[in-house]
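Trainee: Before I rely on the labels attached to a model, I would like to know what stands behind each one. Could we go through them together?

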Amino acid sequence: MKFIAGIFKVLSVIVYAVIIVCLLLAVPIPFGFRPVVVLSGSMEPDYPVGSILYYKSAEFEEIKEGEVITFDMGDDSLATHRVIGKDETAQSFETKGDNNPSPDQNPVTYDRIAGKATEFAIPYAGFFTSYVQNIPVFAAMFAVLI
């Protein structure tokens, strides 16, 4: 019986550590920064696959060539690419993934911009958060705490 109680104590410590990490990853949110998980290698090496990066809304005028933006791909998914051109008249941007051989096919209009990305990413944190969000994993953590 003591063995099982010991296992649950260890598991409880792990669950509390997971909760603390999740809370730390959420710290920028009240300051207007939104997290996004990097799903492809188009922006490597600056933003490796599985990283979390943060973006914050920005006015059209605030976004400059060379900066990185996060935008709606049109299918309810987000992409993060570098601005390589800006059209003031059409209020759109030409973008390209740093690791892609050519620019993106279509310009990104300002109404599709989610925000300007920060210059840093937290490696592997996206894998961690995706795993923790699985219903069975979440249920198991909840059961350990109870």
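Mentor: Let us begin with how elements are named: helices (H or I, at least four residues) and strands (E, at least two) are DSSP runs, numbered from the N terminus. This is a predicted model, in which local features need pLDDT of at least 70 and side-chain atom pairs count only at pLDDT 80 or more, while totals for chains, interfaces and linings use all residues. Residues are numbered from 1 along each chain as its sequence is written, and side-chain values use heavy atoms, with hydrogens and water left out.

Trainee: Where is proline 45 found, and what kind of peptide bond joins glutamate 44 to it?

Mentor: Proline 45 belongs to the loop between β1 and β2, and the bond that joins glutamate 44 and proline 45 is cis, with omega about 5°. That deserves a remark because most peptide bonds are trans.

Trainee: Why is aspartate 76 called exposed, and what is glutamine 91 called?

Mentor: The terms rest on relative accessible area (buried is under 20%, exposed over 50%, partly exposed in between, with a 1.4 Å probe and protein chains only). Aspartate 76, at 78%, therefore counts as exposed, and glutamine 91, at 33%, is partly exposed.

Trainee: How do you know that phenylalanine 60 and phenylalanine 93 form an aromatic pair, and why is it called tilted?

Mentor: A search of the whole structure finds 4 aromatic pairs, and in this one the centres are 5.1 Å apart with 45° between the planes. Rings of Phe, Tyr and Trp (its six-membered ring) pair if their centres lie within 6.5 Å, and planes under 30 degrees apart count as stacked, over 60 as edge-to-face and the rest as tilted, so this pair is tilted. The pair links distant parts of the chain, 33 residues apart, with phenylalanine 60 in the loop between β2 (52-56) and β3 (68-72) and phenylalanine 93 in strand β5 (residues 92-96). Phenylalanine 60 is buried at 2% relative accessible area, as is phenylalanine 93 at 0%, and together with Tyr110 they form one aromatic cluster.

Trainee: What makes the charged end of lysine 86 sit "over" the ring of phenylalanine 60?

Mentor: The charged end lies 4.5 Å from the ring centre, and the term requires NZ of Lys or CZ of Arg to be within 6 Å of the ring centre and within 35 degrees of the ring normal.

Trainee: Which residues make up the largest nonpolar core?

Mentor: This core (a set of buried Ala, Val, Leu, Ile, Met, Phe, Trp, Tyr and Cys residues joined through side-chain atoms within 4.5 Å) has 10 residues, among them Phe60, Ile63, Phe71, Val83 and Phe93. The elements that give two or more residues to it are β3 and β4 (78-87). Another core, of 9 residues, lies apart from it and includes Val36, Val38, Leu53 and Ala117.

Trainee: What makes β2 a paired strand on both of its sides, and is it enclosed or open?

Mentor: β1 and β2 pair over 5 bridges, and 4 bridges join β2 to β7, so each count meets the requirement of at least two. Tyrosine 55 is the bridge partner of arginine 34, and its own partner in β7 is alanine 117. Because 4 of its 5 residues are buried, β2 is largely enclosed by the rest of the structure.
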